[in-house]
Amino acid sequence: MVLKAFFPTCCVSADSGLLVGRWVPEQSSAVVLAVLHFPFIPIQVKQLLAQVRQASQVGVAVLGTWCHCRQEPEESLGRFLESLGAVFPHEPWLRLCRERGGTFWSCEATRRQAPTAPGAPGEDQVMLIFYDQRQVLLSQLHLPTVLPDRQAGATTASTGVLAAVFDTVARSEVLFRSDRFDEGPVRLSHWQSEGVEASILAELARRASGPICLLLASLLSLVSAVSACRVFKLWPLSFLGSKLSTCEQLRHRLEHLTLIFSTRKAENPAQLTRKANTVASVLLDVALGLMLLSWLHGRSRIGHLADALVPVADHVAEELQHLLQWLMGAPAGLKMNRALDQVLGRFFLYHIHLWISYIHLMSPFVEHILWHVGLSACLGLTVALSLLSDIIALLTFHIYCFYVYGARLYCLKIHGLSSLWRLFRGKKWNVLRQRVDSCSYDLDQLRLLVVAVQGLIHLLVDLINSLPLYSLGLRLCRPYRLAAGVKFRVLQHEAGRPLRLLMQINPLPYSRVVHTYRLPSCGCHPKHSWGALCRKLFLGELIYPWRQRGDKQD
Amino acid sequence: MEDERSFSDICGGRLALQRRYYSPSCREFCLSCPRLSLRSLTAVTCTVWLAAYGLFTLCENSMILSAAIFITLLGLLGYLHFVKIDQETLLIIDSLGIQMTSSYASGKESTTFIEMGKVKDIVINEAIYMQKVIYYLCILLKDPVEPHGISQVVPVFQSAKPRLDCLIEVYRSCQEILAHQKATSTSP
């Protein structure tokens, strides 16, 4: 089998030395991690490699020699390099050689032991694959299928070459800790050898985050203890708490904040990404909420809003009354069931009368209520939107009642029609006089608009809650961090020389990023997608603007 | 080693197949699709603008004309970036895997790489496409659970759609490499 040598692009111009890395026998591939320069003491090299092996659980060893010299290697150098093979025994022994300033390389891999099968060559063909060490170290491979019984340390033949390479580089961070300014016994060349990469801001943030997290975590536990106390479990507070979307959203945000400020470190990259996504989501929410707050409280907009509210409610009620009067007569010349008309019409008119009295009762307090509601925007835009949704639900409750009656009747009619359609298509032709009075209630644009607006507000809140902003930002700015796979490019090739390939990271498409890293939102999302909303409107199924008992708890 | 031949696709358009033999274990096949023809572009633009002008004479709103220009530009950009594929490449590297690249007219490239351990075989399959029966080359992937099963069929050269003669050329070369790979993988 062709031997694949994965060589880091940062070591291409390094001086001659030993190749340090890992050999994966099942895929016949050698992953070179660093180059160790002359002069060195073999004992110290073996000690260092044993330390690295223990710290990282990766089978790091000396794989061969690397020669980067001005012209063809001299005889003495050649013999010296061969003698190194005796000092560091490894099967197979790689010899990579490159002329200074030349493009083509020469690679040989020799096996000292005699081949067991007759006809197999003592020397293997070598294929060189260059990879960017920094990108491979920082990236996370998202393979399409994950085997269920795969363990963290084992790499069986079924995991594949790429997973082995990414795994090896990611776990050998210990090897990359020393740079050339250190005064250690050995000199290594790798991606950090020009100086270990670090950021002052990141270090300061890390130091400061400890006590801050502790403080905030204790505050949040206090808040959750208060909210879990027995007073809120009694009816009617528990009923309100479960129905209003504001309480739901506040609970959700509290959960998110507890996750962010928890003092436990994230165990694996998935948890870390989730934390980062939650932080980004909360920050965006608060930023949008503060923008809304500053817009609302400037130039006395709240006063204008409050002044406009009562006349609008009056106007709506008047229009509804006109509509009902029209329907109780002969709408569009249709002849209807007079008794049913009168009953339903008078019932709805009484509803409207009650509601208008309630609105007039509330009118002096509206401005204060709106001002305090506006303050809630500093908790986040989603909280403000949930409050708005609740207020709309409460203000238009009478319209919702009409919608419920109308939708139920319409639903009954649709069921009746569908059962009769079968009969119509069968043997008898039956002319039925349909009752059109209940159908026309659905054509009321106002009701549809209100219900649709509530549904849309819920979907918007869900979108802000569940969008993984950190992952999307990472995919936009640092696409190599989220890898769907790799791509290869064949470099300049000369006959007789080994094949050279460049391995680059293939970033994950945006749809898969959203799908993999979507934050769990509150339980109404799977039930209320956009398509489901339209379908429910059309078929007459009831749309509940609040959470039902049967919804999934998250 | 590089050579180029011209074939035709299932609709009769001209395709150019470029074969590069880098080494006995690495081959690349590059299929170039016919370019966007000026005639069809002009026809579509004229239709859209005539329709917009007709609406304008009905409604007397000049926004329709600017909207039509906008839509034409956006539509053309979107077509070049997301739909029109210029070149499709198949790169086979023995013992590493198979890579398929599609380059779009706007320069975007989308690459898929399948490891050799997952590839079961490359075959030419028949399919019913609209009113025709066509041949297409596809890669069969192994099923991790069942040793003799196939988990996925990945078609190659989906937008170029070459005819059988072109497919046979590519198929023969790929089978040489796969046979070589199977022979060397069984020996230690």
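Visitor: What should I know about the model and its numbering?
Guide: This is a predicted model, where local features need pLDDT of at least 70, side-chain atom pairs count only at pLDDT 80 or more, and totals for chains, interfaces and linings use all residues. Residues are numbered from 1 along each chain as its sequence is written, chains are lettered from A and ligands numbered from 1 in the order in which they are written, and side-chain values use heavy atoms, with hydrogens and water left out.

Visitor: What pLDDT does chain B average?
Guide: On the predictor's confidence scale for each residue, from 0 to 100, chain B averages 91, and 98% of the residues score at least 70. The model as a whole scores ipTM 0.83 and pTM 0.74.

Visitor: Why is Ser28(A) called buried?
Guide: Buried means under 20% relative accessible area, exposed over 50%, and partly exposed in between (1.4 Å probe, protein chains only). Ser28(A) has 8%, so it counts as buried. Ser28(A) sits in the loop between strand S2 (17-24) and strand S3 (29-37) of chain A. Leaving out residues up to four places away in sequence, Ser28(A) touches Met1(A), Val2(A), Leu3(A), Lys4(A) and Trp23(A), where contact means heavy atoms within 4.5 Å.

Visitor: How do you know that the span of helix H12 of chain A is close to the expected one?
Guide: Helices (H or I, at least four residues) and strands (E, at least two) are DSSP runs, numbered from the N terminus. The expected span is 1.5 Å times one less than the number of residues. H12 (residues 381-395) has 15 residues and reaches 21 Å from its first C-alpha to its last, close to the expected 21 Å. Buried residues in H12(A) include Leu381(A), Leu385(A) and Ala393(A).

Visitor: What makes a set of residues a nonpolar core?
Guide: The members are buried Ala, Val, Leu, Ile, Met, Phe, Trp, Tyr and Cys residues joined through side-chain atoms within 4.5 Å. Of the 52 residues in the largest such core, Phe488(A) and Met503(A) touch the most other members. Helix H4 (residues 161-171) of chain A gives the most to this core, with 5 residues.

Visitor: What is the area buried between chain A and chain B?
Guide: Buried area is the accessible area (1.4 Å probe) that two parts lose on being put together, summed over both. Here that comes to about 1700 Å², with carbon and sulfur atoms giving 64%. Met1(A), Phe488(A) and Val490(A) supply 30% of the area that chain A buries against chain B, more than any other three residues.
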